[in-house]
Amino acid sequence: MSLSILSALSEDLLVRVYECLDPPCRKTWRLVSKEFHRVDSLSRTSIRILRVEFLHTLLSKYPNISTLDLSVCPKLDDDVVSRLALDDTVSTSRLKSLNLSRATAVRARGLETLARLCHALERVDVSHCWGFGDREAAALSVAAGIRELKMDKCLSLSDVGLARIVLGCSNLNKISLKWCMEISDLGIDLLCKKCKDLTSLDVSYLKITNDSIRSIALLPKLEVLDMVSCPLIDDDGLQYLENGSPSLQEIDVTRCDRVTLSSLVSIIRGHPELQHLKASHCVSEISVSFLQNIKALKHLKTLWIDGARVSDSSLLTLTSSCRALTDIGVSRCVDVSDIGMMGLARNCSNLKALNLACCGFVTDAAISAVTQSCLNLESLQLESCHLITEKGLQSLGCYSKRLQELDLTDCDGVNDRGLEYISKCSNLLRLKLGLCANISDKGVFHIGSKCSKLLELDLYRCAGFGDDGLAALSRGCKSLNRLILSYCGELTDTGVEQIRQLEHLSHLELRGLKNITGAGLAAIARGCKKLVYLDLKLCENIDDSGFWALAYFSRNLRQINLCNCSVSDTALCMLMSNLSRVQDVDLVHLNRVTVEGFEFALRACCNRLKKLKLLAPLRFLLSSELLEVLHARGCRIRWD
Amino acid sequence: METEDDLCQNNWGNSSSSKLREPVCFTSQHKWEDASILDYEMGMEEEPALQVFDHMKASSGQEHNNNNNGGQVNVDFLQGVRAQAWDPRTMLSNLSFMEEKIHELQDLVHLIVGGGRQDQQQQQHITTDLTSIIIQLISTAGSLLPSVKHNMSTAPGSALFPYPREANNLASQTLNNNSNNNLAQDFDLPKPTIVQERESHVVEEHEMKDEDDVEEGENLPPGSYEILQLEKEEILAPHTHFCTICGKGFKRDANLRMHMRGHGDEYKTPAALAKPNKEAVPGSEPTLIKRYSCPFPGCKRNKDHKKFQPLKTILCVKNHYKRTHCDKSFTCSRCHTKKFSVIADLKTHEKHCGKNKWLCSCGTTFSRKDKLFGHITLFQGHTPAIPLEESKPSAQRGSSACENNTGMVGFNLGSANQESPQPGFMDGKMSFEESFSPLCFDTCNFGGFHEFPRPMFDDSESSFQMLISSACGFSPRNGGGGSVSNTSL
């Protein structure tokens, strides 16, 4: 491309071109010329910061950032934030979305600074900040414009903190309070009274009672209500929803133990516009009244009734009345058999996702029927369907060209021939073959050669395949970013070394591979620069050379499991100090590491650790100041 | 004002102790005697009639004083007149009363005719007097109709007058103990002071806040109960029962009787030891329900208040008076901020002091989370404060402190100083300690969130300050205190 052509393009044309590119291409784009780089820096709106050192430069380089993701940024703390506030070159006024998930070291002071700094803030994610409590909530409530707030697993957040947020940010549209175990009815009640614009509410796993549901039912605009596993809510509570929350479109009552079908019927009666009904593992049976009432739901798209006793005839009635269904979950519905499935296939030709896990009576015939009539099928879960054989997979390969996700975990009938058929689903992105003992190199070879788009592959305990199969996978599935090879006992260094070809690999599980040594790990470390998660538990034969290589090359490693590894003091110290992004480590049963080794290693990384698993006796052997520092930085230690 | 002293003498001369035991009996007797020594001599068999005449006295006396509370008095009077039974003798007395009144009227008219220059106020007085006398005339004339007959229990105003007053000091008490009722006449006085007192109430009525406990949903129709009013000194007296021999004081009558046993065998008889009020009025009229009035003028518990709510027992009177109209002299030894006037309240508070961990941004503490949440739901701009937050800007504390308890502070001072209008406190800056002190109603049975009578006056302003300093979680969108400020108790 000659320079003249490029210079002929005006800046706004360049911006238009730039907008058509996907993120990896944009990376290349900005290397073309200064002009291109300028376009990139002006047009970029979202950024994910991997290292806190670059936070300032990146933010000042990209003035139009509206989405900032700090969730994987280690060492982010209050001081960093306050320095950010002092930096004039950084403009945060356009920032609308802020992801602080797992930013446990940012506490009230930092949050308040951030909230003041970003005037336009609308979305905030502080999920999994386990130390996040009322004070942090109060700090966050300064940002009055927040509309979406995710606070999952903010374990110390109580009603008081929630009240601060509710009163500070009364424009809240969406809030997720999953696992905020301190929240009670009072908090929910206040939320519902003050934030009338709420459209989405997640109160899963909370110990709230029917009173909360009564308050929730008064929300006029509520569309999505998630209340997974609320053990104290029963039918009396759900009755309130029959005449409440008129715009409800989606409700999830999965694993609400006390909820029965009768209250679901009343919800259905009150909300003919309902689109998603998720009632897995809470209803035991499908009654006639349920079937009659669900007919009224003409727009129902999702129906999850996993774990219920659904006879074939009721499944037929169900699907014949709700033909718009695209997502059906009937896992663990042990009564479901081929007849029901065939009827379902006939009725719901728009089906995109089907979960048949643990439906033991489903055979190839059902799969054939489904695949033949539901050509849009994208996701199929067949875990533990033992009657499924290569025949079923054959029709799957023939018809389901759009299949993206297939779960065949623990299906005894899957063999090499079956994998050959599956490999015809060329759009497959996620494939789970865990516990399929009958597959060998041959079958894996087919997958490796045809499924080039594969992103995730689970071969957990597939003891039948070895190095050759892995080599084929590594050659063929270049875009793999998640690979699970745990307990594939045949694998040796030769095979594992091939993994180095998978440049995009970020998540690798090599648990229990006794045959691999330092050489294999070194090869992986050299090749897979993007590795973020590595599980080496019970890889007893990896020596220090492997860990040295890991320490040297895998600078992006965020989470590592070294349990039962024969790592030495020095190697551990090296690992922990060199891996500057490591945040989550499991260090249980390291026989060769002394207490001093632990002390030094942890001191080296204590300012970035967020999660740590150690043997319980170490609690009293490690220095108390180390533990204090870890605690102060928001690191959570699990004593095993 | 001379009311205090006047009232002391002016009361109906009952000893408090006797009153407590047999108020109806005694008061009625006194009324008899009162009635008999009235200017308008009338023989009356029925009790209500007495009250009528007491009232007549009141209204006639009023005229001498040139007091202008005629309207209200006359209404009562009217009711009183209706209350009496038709009786030729009553009729006669009524007629003589009317005669008297006509003379008064004549005098007044003469005054108007020949008075010459009078200032406006005087003229006004005369006019009101005129009106009142004419109304009295009309109503008395109406009562002459033989068909008008009411019985006592249904007469709407029968119990309103006279308000039996209790002796307020030791002297009268002992006197009365010795000589049961003859002395009562000595205390009988011309009535005008009553009227005067009432007048002053009317004036002050509007300034008073009904800060009192709304303890009961009791809805006794006015007149279906008898109203007793103790005097301030008696309410505050540590002892109400005194030994006639050695003068020792007791809080309870039973204790006095136990004590009396030591003075001789005659006090050890079962009769002397028995509870006296049961057999004291054998065969007398069925006792009226007794309710109590607070002697504090303008108080909602005062009988002259428009929305008078009587107090149920003597204890209620004492607690009410101390809580509402007295200084809070007992300070909590733990927090050193909360003050109480009733020692029982202090004890109750001390039990829970320090446990009030639920704190609102306005500085108010709650012992229960749901109460706090109810509070913040009710008041816009209030947020729960996070305890032990050392970095709280002091500006918030200060302003919230003065915001929070204004009502309470006002009430506090209001009891000491009637003239101060409540809103005056709103802009006063309170210290942080003060903001806590008024919150001392742990023992009171407040329903809902009555602890916060009128905290919202300056709310908009303070939240605006918050917005500027953006120091705390005060919501900038707060719909103005106006809508909330009229939330009364």
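This briefing looks at two helix pairs and one mostly covered helix in chain A. The model is predicted, so to speak of local features a pLDDT of at least 70 is needed, side-chain atom pairs count only at pLDDT 80 or more, and totals for chains, interfaces and linings use all residues. Residues are numbered from 1 along each chain as written, chains are lettered from A, and side-chain values use heavy atoms without hydrogens or water.

**Helices α20 and α21**
- Helix α20 (residues 441–450) of chain A packs with helix α21 (residues 467–476) of chain A at about 0°, their axes 8 Å apart; axes are lines fitted to C-alpha atoms over the stretch in contact, with angles from 0 to 180 degrees between N-to-C directions.
- That angle makes α20(A) roughly parallel to α21(A) (under 35 degrees).

**Helices α23 and α24**
- Helix α23 (residues 518–527) and helix α24 (residues 544–553) of chain A pack at about 10°, with axes 7 Å apart.
- They are therefore roughly parallel to each other.
- The contact includes Leu521(A) and Arg526(A) of α23(A), and Phe547(A) and Phe553(A) of α24(A).

**Helix α16**
- Seven of the 10 residues of helix α16 (residues 338–347) of chain A are buried (under 20% relative accessible area, 1.4 Å probe, protein chains only).
- Met341(A), Leu344(A) and Asn347(A) are among them.
- The buried residues of α16(A) pack against α15, β12, β13 and α17 of chain A.

Terms used
Helices (H or I, at least four residues) and strands (E, at least two) are DSSP runs, numbered from the N terminus. Angles under 35 degrees count as roughly parallel, over 145 as roughly antiparallel, 65 to 115 as roughly perpendicular and the rest as oblique. Contact means heavy atoms within 4.5 Å. Buried means under 20% relative accessible area, exposed over 50%, partly exposed in between (1.4 Å probe, protein chains only).
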